[in-house]
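Visitor: Could you walk me through this model, starting with how the chains meet?
Guide: Gladly; here it is.

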Amino acid sequence: MSHSLATHPDRLLPADPGTRSIARSLLERVQDLPIISPHGHVDAAVIEQNTPFPDPAALLVSPDHYVTRLIHASGVPLDQLQPGNAAPREIWRQFCAAWPLFDGTASGYWLRTQFESVFGWQGELSAEAADASFDAISTKLAEPGFRPRELFKDFNIEVLATTDDPLDNLESHRALAEDPSFHGRVLPTFRPDAYINIAHPSWTTNVERLISEASDGGTGYRGYISALENRRRYFVDHGAVSADHGVKTPATLKLDQADAEALFQKARSGEATAQDRNVFEAHMMYQMARMSVEDGLVMTIHPGSFRNHHQPTFEAFGADTGHDIPVATNYTEAIRPLLQDFGTAKDFHLVLFTLDETVFSRELAPLAGFYPSVYIGAPWWFLDAPDAMLRFRSAVTETAGFSRSSGFIDDTRAFCSIPARHDASRRIEASFLARLVAEHRISDDRAHELIVDVVDSSPRRVFKL
Amino acid sequence: MSHSLATHPDRLLPADPGTRSIARSLLERVQDLPIISPHGHVDAAVIEQNTPFPDPAALLVSPDHYVTRLIHASGVPLDQLQPGNAAPREIWRQFCAAWPLFDGTASGYWLRTQFESVFGWQGELSAEAADASFDAISTKLAEPGFRPRELFKDFNIEVLATTDDPLDNLESHRALAEDPSFHGRVLPTFRPDAYINIAHPSWTTNVERLISEASDGGTGYRGYISALENRRRYFVDHGAVSADHGVKTPATLKLDQADAEALFQKARSGEATAQDRNVFEAHMMYQMARMSVEDGLVMTIHPGSFRNHHQPTFEAFGADTGHDIPVATNYTEAIRPLLQDFGTAKDFHLVLFTLDETVFSRELAPLAGFYPSVYIGAPWWFLDAPDAMLRFRSAVTETAGFSRSSGFIDDTRAFCSIPARHDASRRIEASFLARLVAEHRISDDRAHELIVDVVDSSPRRVFKL
Amino acid sequence: MSHSLATHPDRLLPADPGTRSIARSLLERVQDLPIISPHGHVDAAVIEQNTPFPDPAALLVSPDHYVTRLIHASGVPLDQLQPGNAAPREIWRQFCAAWPLFDGTASGYWLRTQFESVFGWQGELSAEAADASFDAISTKLAEPGFRPRELFKDFNIEVLATTDDPLDNLESHRALAEDPSFHGRVLPTFRPDAYINIAHPSWTTNVERLISEASDGGTGYRGYISALENRRRYFVDHGAVSADHGVKTPATLKLDQADAEALFQKARSGEATAQDRNVFEAHMMYQMARMSVEDGLVMTIHPGSFRNHHQPTFEAFGADTGHDIPVATNYTEAIRPLLQDFGTAKDFHLVLFTLDETVFSRELAPLAGFYPSVYIGAPWWFLDAPDAMLRFRSAVTETAGFSRSSGFIDDTRAFCSIPARHDASRRIEASFLARLVAEHRISDDRAHELIVDVVDSSPRRVFKL
């Protein structure tokens, strides 16, 4: 009975003994199912080339802005967490000193589970144990069994989607697909943000390259559109199932050809305003939906993050350094122009993610409960945590049931955290369903079917896997 | 101990055994109290004429947009659920095939309870059981005991308010009131939306008719206002206790007579803008409050729904077909002009409903906790579900206590679902109060008084019954 | 086992027996820790002069707009609750008649605890018991042990911050600090709202006085700024640790010197617009942050209340009479200009409070989880209640952990309610942590450290005590 937190069989399950016992049984039903990860940020090349993982700090701390942000909040400048500026062992010491700050956080759960279940580190982390844990994990990382392909298998991953630039040649994806010794599916995802957001610093260059490499000779706006269509087809041919869009808001808009063309030219000549950026992005979301209807790529939208909130940090350390902050987001009116034309289109799948949990009950569940195309994106970023996932299920289920949500998305670049994240999600799904059983709202038998549905069938169905 | 979900005595009650036992006792206190339904959409004529209910599909599926929307989301076109386009048995089969989608939804709870408690169907629904259940329910519907008046009595309904056009002659209400063999109260509700929203397609015609039939010879804006006053009086004379307003936002505004008149004329001549629509609606909410202060009708406001979100569906199938989607709604500033003048008016009752649950703790509880006129509308549409109702009580009670909310509103046109809806509400009220008792926040004795208050006394007091 | 609600050892603790037993043990760890109250509205002079408390109504009812608002909502005009207009015993009778309305409210909890634990009134309150309870409490109030200084000691208060006008001479604070017979710390708080909000009725007079008394001869905008700086220094010299700002929104803005000066002159000449008010307030928040970086005062911001919502009540009874109503509030973009320049400034502490709980998970936890300066203000006004405090912890912890929130703030002018408020907060912290332990999310040992951290160390650390 003396379990560590990381391996306690009842971790994350509800405290009420009757409900917990139902949850245990539900969890058992799905605990060994393969991992389906339809959206994330692992680098396909790392898997293809089976690149050994670097030291503990470079693997677990520096690249993970979930982790560095909280250490930064405690007063450690970001440069002390950067491989170029500090020795790996120093970075690890900073992390270990900050470890108590992670109590109660989602990141804390994932990290603790990794330390023990992946790296076999049994004790607590602490400033005192910094060097010992660094050494222990380093030793593990040097073992042949800790290469990406071995872990991919150990983790029981069946499908792993990456996130890719539209002009990526997808060589690693092709090589993995053709490699008879590799049994997972590593799928690319079409992510054209930097070709759509005209305020992106390299938009003009990107578009230049896009047209020149992929438009089949077309020029201007038409060339741009057909180049995007061509690259999407290339992605489809390389196994992609979805196109992902990180946008400022969920706004959509249908411009006529002439207006779109004029706006595109204005942007290329560097004269576009902030308002133009919004209009063009909204129009392109409409276009992306049209293309999804045509080529079958599932369309996922991730709006509502104010990117690079702290300009000095952005200037010093670049994007994705922990200061993207959510804003209130409204979908009902914003997404309407798109849904007018494609909301009931055959086989169109539109997954709406949010960082603003107020929309779960107010907008996303009502939308997904009517439109056959709309699926509610599982809790994402800041919300992919036990309590937040329970609030999500409570907010959407009474209107939309269990069939209208996307299934869990780990959205991570931290490869070794994938099992912990899916484990947490499965435990929460079991906890939610167990409560409904305990309250006689669904039968135990149905709950055992539903847990398989939400964990396994939903992501396959929604992402056309 | 082998209960079905629909009849389990502990359904919807909290899982913790101690809390559940308190909840059971509280529920017992109110389980046999009559149903008070101060807002809904049942047709009075159906009760007056004791019209037999049609087939199961036409009774339980086609007219209920809670039900058709989720079937539609699963990929069934709406025309396959419409009496004119598909045979009742075919519609019922579609419904049965989709039945598993309703697990965990509020509609699922109501339907399941009806099947078993009203129609005596014991088994699960399923595609396989479609014909058998269709036949079984059809047989029941043909029995004399399944006529509306018999069910009205069986359901233990004391008061049922309908929703009516201002020019309705209220013949059925009068006939029921005068019928010595009928013992319930069926009350009309004054609902003037189509006479106030100048964007309504038939607004001009409606206003024409209103003035010509009810203005006592007055013309123009003055005639319009006095016709509305006259019709409200007619409703009061026929037993109405409230006037209901389905508005875009809770905006209110006091225009002076000249501005109101000018806007009214502009609208009649077809030149009003979208902004004019908002201004006129806001002004008319102010006028409706003034009239409520004068004639005593409780004023209820149901804002925040984006109506007919999917234009193609609206064009093909009309309004109320499942694609009204909530939007973020703010009350504090919007309702202020009305409350400046009438917030403390003697005997004025203003019930504020919302589809945006963020306002429960932020705006509605603080407003109702100060203004004697303001009552917090019980969770409505998309929120009239077990978890949402618990969130509601948790959000409002700590600021406003139990005396400032309206009591449950079933808001339904599905007559046979009324007992199931009130049953769910009573179970949730018992669950919430039981937790407060278990946490030693109120005494068991007070909880037994409070459950009667929220279930029975609140709607009587708030709706002046 | 026959405990009253007010003294039940398990009050507010979770119902599940296993979780409750963990919570009990956590509560025990902090139950006897001294009270740290870093923000509130008690009058320092009352403590310094050890002024006897007045009658029960003047102590517990009339000045507490939490209490009068709910009585007002029940239909009692405010003048019947005002010392000048009604005899204390009459006011007390009104309160007792309304007492059942407080069931389930936060105020009800605080009052009940005071009656029994402070004033020794054992029975229930009721209309019948009005005179008896009035007499019993009056008798207690006349006892020498019920003077403020004696209660200060009995209540185990270590630090009590008051809220003070920038031109206050802080005589009482000085006298208390120098009094060897007084062992607590009573600290002033710099609250310059009436000198910053140019729409404040006495802004011009206030600024005139400020410049003339504190600018060291400076004039105009520069004199204004340096007078504020001087008065802050005076506050620091008298023990102040924070400056508090009750603003309309969290907007911040950096104007250049010339624009600020022009706006200031425009305001002084009475020509400023509503928009100017917003711009100037935003600019001054930026200035206040700059000063905090320089002089070390913790900056606290309390935005999002629509003040004096009911104009007729404001005209008759003045401000703070129960009709300040929250509005939706957004921080991410509003606070950004300030954070650009001071977000990572050394030793700068910025505590962001909110009345809009939707921002806890969406904005405040993400901001505080990155910026070392930002702390999440504990639930305040309308949200300082058991369920709301649990929602707060659930909303922020998974992103920001336990180290990034301010610790409890009682924010009260009701001196005798201070122990009850802190007691409620400690019980809720214990309840939340106990659930995490029961769900194996943190260890029991860490929870025992964390409860001390949130109850005691957090306010000391965040408020630099």
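**Chains A and B**

Guide: In this predicted model, 42 residues of chain A are in contact with 47 residues of chain B, where contact means heavy atoms within 4.5 Å. Residues are numbered from 1 along each chain as written, and chains are lettered from A in the order in which they are written. Because the model is predicted, local features need pLDDT of at least 70 and side-chain atom pairs count only at pLDDT 80 or more, whereas totals for chains, interfaces and linings use all residues, and side-chain values use heavy atoms, with hydrogens and water left out.

Visitor: How much area is buried between chain A and chain B?
Guide: About 3,600 Å², of which carbon and sulfur atoms give 55%; buried area is the accessible area (1.4 Å probe) that two parts lose on being put together, summed over both. On the side of chain A, Phe370(A), Glu398(A) and His440(A) lose the most area to chain B, together 22% of what that side buries.

Visitor: And how many salt bridges cross that interface?
Guide: The rule, a side-chain nitrogen of Lys or Arg within 4 Å of a carboxyl oxygen of Asp or Glu, finds 4 salt bridges between chain A and chain B. Asp387(B) forms a salt bridge with Arg435(A), and their closest N and O atoms are 2.6 Å apart.

Visitor: Which element gives the largest share of the side of chain A that touches chain B?
Guide: That is H17(A), with 7 residues, helices being DSSP runs (H or I) of at least four residues, numbered from the N terminus.

Visitor: New topic: what rotation superposes chain C on chain A?
Guide: A rotation of 120 degrees with 0.0 Å of shift along its axis does so, at an RMSD of 0.0 Å, and the two copies are thus related as by a three-fold rotation axis. The superposition is by least squares on the C-alpha atoms of residues with pLDDT of at least 70 in both copies.

Visitor: Which residue of chain C comes closest to that axis?
Guide: Asp16(C) does, with its C-alpha at 3.6 Å.

Visitor: How many aromatic pairs are there over all chains?
Guide: The search finds 90, counting rings of Phe, Tyr and Trp (its six-membered ring) whose centres lie within 6.5 Å, with planes under 30 degrees apart called stacked, over 60 edge-to-face and the rest tilted. Tyr66(C) and Trp110(C) form an edge-to-face pair, 5.4 Å centre to centre with 75 degrees between the planes. Tyr66(C) lies in helix H4 of chain C and Trp110(C) in helix H6 of chain C, so the pair ties together parts 44 residues apart in sequence.

Note on methods. Helix = DSSP H or I, 4+ residues; strand = E, 2+ residues; numbered from the N terminus.
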